[in-house]
Amino acid sequence: MSMGVIMLVHTALDRAAQVARHWAKAGCPVVIHVDRQVPDDRFDAFRADLSDLPDIAFSSRHRCEWGTWGLVAATLDAATMMLGRHDVRHVYLASGACLPLRPVPDLLDHLASRPDTDFIESATTADVPWTVGGLDRERFTLYFPVSWRRNKPLFDALVAGQRALGIRRRPPRGVVPHMGSQWWCLTARTLRAILDSPHRRAHDAYFRRSWIPDESYLQSLARLYASEIEARSLTLSKFDFQGKPHIFYDDHLQLLRRSDCFVARKIWPRADRLYDAFLGDAPANSDRQDPQPGKIDRVFARAVDRRLRGRAGLYMQSRFPQHGFENGATAGRYAVFHGFDALHDGFRPWLAKATGACVHGHLYAPDRAHFAGGEAVAPGALTDDARLRDYNPKAFLTNLLWNMRGVTHCFLYGPEDTPDILWHMARDPNARISVVSGAWAVPLWRAGAPFEAVRARAAAIQRAEASMIETLRAPDVKARVRIQTMAQYLEAPEETLEAVAAEIGWRDTADRPKPPAPVDPHDFGAFLQRLRNAGMDPYLTGDFPLLPAAAPRQAQPRRYVAS
């Protein structure tokens, strides 16, 4: 017998029995440890089911909790039984959720060609950061007398107290703590040296109060007694970014085959297709390559990336609550215009015709969301109701862009619109925001309302617009922002209109529609002066003359780029 198998079992006993039979059928003696927490009636039935196989034995039972000494004690007792009963060259540690992926003779041939090699993942905490979100060096220098899973508050309090007191345990003489996967394949010579070491009592006492000793006890002691260590596990196991193991399902069949690995964990107990495919009779293949888990690493890397970053503009439970954790604030580019509709009658129809974009009105107007075409419901069942929209204005915009991805969106925005969305747009690299400040004065000038009411409204709007512009000029803004005063804009309106249309993309360069003419500013300067005389300074409009403005000059070949 060249290899014995130790199995640690605590659940899915029917699958564990199936795998144990597979090992025994291939000529490998098996010692099984069943967690003491498994009810006695289930354990007795499991043991009776395997009683017909003489090479399967059961070791004394321990209570096994994650991160505690019980897992090591169970492993050492099973290893002692294995070496006491069978003359094996290697001992392979597996769990009840492990599944052989290749015929057992392939594994036996691999070990026979390396008779003195111990396969165990083993690295110092200083060299490789194995831990994910947990303790690394401190797991060896502090005491851990309680279970982290059963009593987290007490566990954390004991860690904090020991840190405050400066407690630092020292390892036994000659021992350098190493960490690695729990699943190994050791030579009988190395394993026997560890079990029979004259320093066994000191070793056990030290690691008994360490945290997660099943990932450090044998990983550290193998360095003392092994003649040749290959620091890798022969068991394929993958972990996510939180350190939780991936579970393999039926649709991972081809992925597991491509890995050329001997054993994999964790396998879903109901993955009938996997168990049928890998536990069936298959001839050994001496031409098979050595295990290459790296061949499927890119698949797991993409899965982790998708879970962490997702698709641009699509918010998921795992990313939504965390600021900056999203992969792109929105699903695509969009343009926001402020002031243009006040200065050009027909601005929206012209922009839609010139660019082919979906041009909405004021999506964040106080009364409702003004969707393109006057629709009351947008794709994705987004209603125009202002209360529902303002419950989460960010989600409203991201959902609209996601549901209509592939379409360029443009919409109007003003100082009286929902302010909570502005910062989200300002930090979005997909946003193109064009502002003509002070253009709000034109509708007030043309309204013919009582002047006192106009003055009060003008002051309120200007305060809101000043706050909006301050946000858009913040140093951490990521949107592409163009800001002009109304006076600057009216010097060459066609240049700016051509520039914004070019940013979005012309629909047909051969037949571009002519931009709409701006409003006639006759007497507008006098209106602004009247506001100043009443104590309200409309400074955001820019320097406007009292006399009627000259006709706007025609666009030049150059493009206007504003600050």
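Helix H7 (residues 188–195) packs against helix H9 (residues 217–225) at an angle of about 105°, and their axes are 9 Å apart. Here axes are lines fitted to C-alpha atoms, for helices over the stretch in contact, and angles run from 0 to 180 degrees between N-to-C directions. That makes H7 roughly perpendicular to H9, a label for angles of 65 to 115 degrees. On the H7 side, the contact (heavy atoms within 4.5 Å) is made by Arg189, Thr190, Leu191, Ala193 and Ile194, while H9 brings Tyr217, Leu218, Leu221, Ala222 and Tyr225. By class, this contact has eight nonpolar, one polar and one charged residues. Ala, Val, Leu, Ile, Met, Phe, Trp, Tyr, Cys and Pro count as nonpolar, Asp, Glu, Lys and Arg as charged, and the others, Gly among them, as polar.

A word on the model: it is predicted, with local features needing pLDDT of at least 70 and side-chain atom pairs counting only at pLDDT 80 or more, whereas totals for chains, interfaces and linings use all residues. Residues are numbered from 1 along each chain as its sequence is written, and side-chain values use heavy atoms, leaving out hydrogens and water.

The protein chain has 22 helices and 17 strands; these are DSSP runs numbered from the N terminus, with helices being H or I of at least four residues and strands being E of at least two. Of its 563 residues, 51% count as buried, meaning under 20% relative accessible area (1.4 Å probe, protein chains only).

| Residue | Relative accessible area |
|---|---|
| Cys185 | 0% |
| Cys261 | 3% |
| Tyr413 | 4% |

What about disulfides? A disulfide here is a pair of cysteine sulfur atoms within 2.5 Å, and the count comes to zero. For Cys185, the nearest cysteine sulfur belongs to Cys28, 9.9 Å away.

Tyr413 sits in the loop between strand S15 (409–412) and helix H17 (422–426). Leaving aside neighbours within four places in sequence, Tyr413 is in contact with several residues, including Val336, Phe337, His362, Leu422 and Met468. Tyr413 and Gly339 are 74 residues apart in sequence, yet 8.1 Å apart in space, C-alpha to C-alpha.

Finally, look at helix H8 (residues 200–208), whose buried residues are His203, Asp204, Tyr206 and Phe207. Seen down the axis of H8, they fall within an arc of 165°, so they line one face of the helix. The arc is that of the directions from the helix axis to the C-beta atoms. These buried residues pack against helix H3 (70–85), helix H5 (138–141) and H9.

Note on methods. Angles under 35 degrees count as roughly parallel, over 145 as roughly antiparallel, 65 to 115 as roughly perpendicular and the rest as oblique. Buried means under 20% relative accessible area, exposed over 50%, partly exposed in between (1.4 Å probe, protein chains only).
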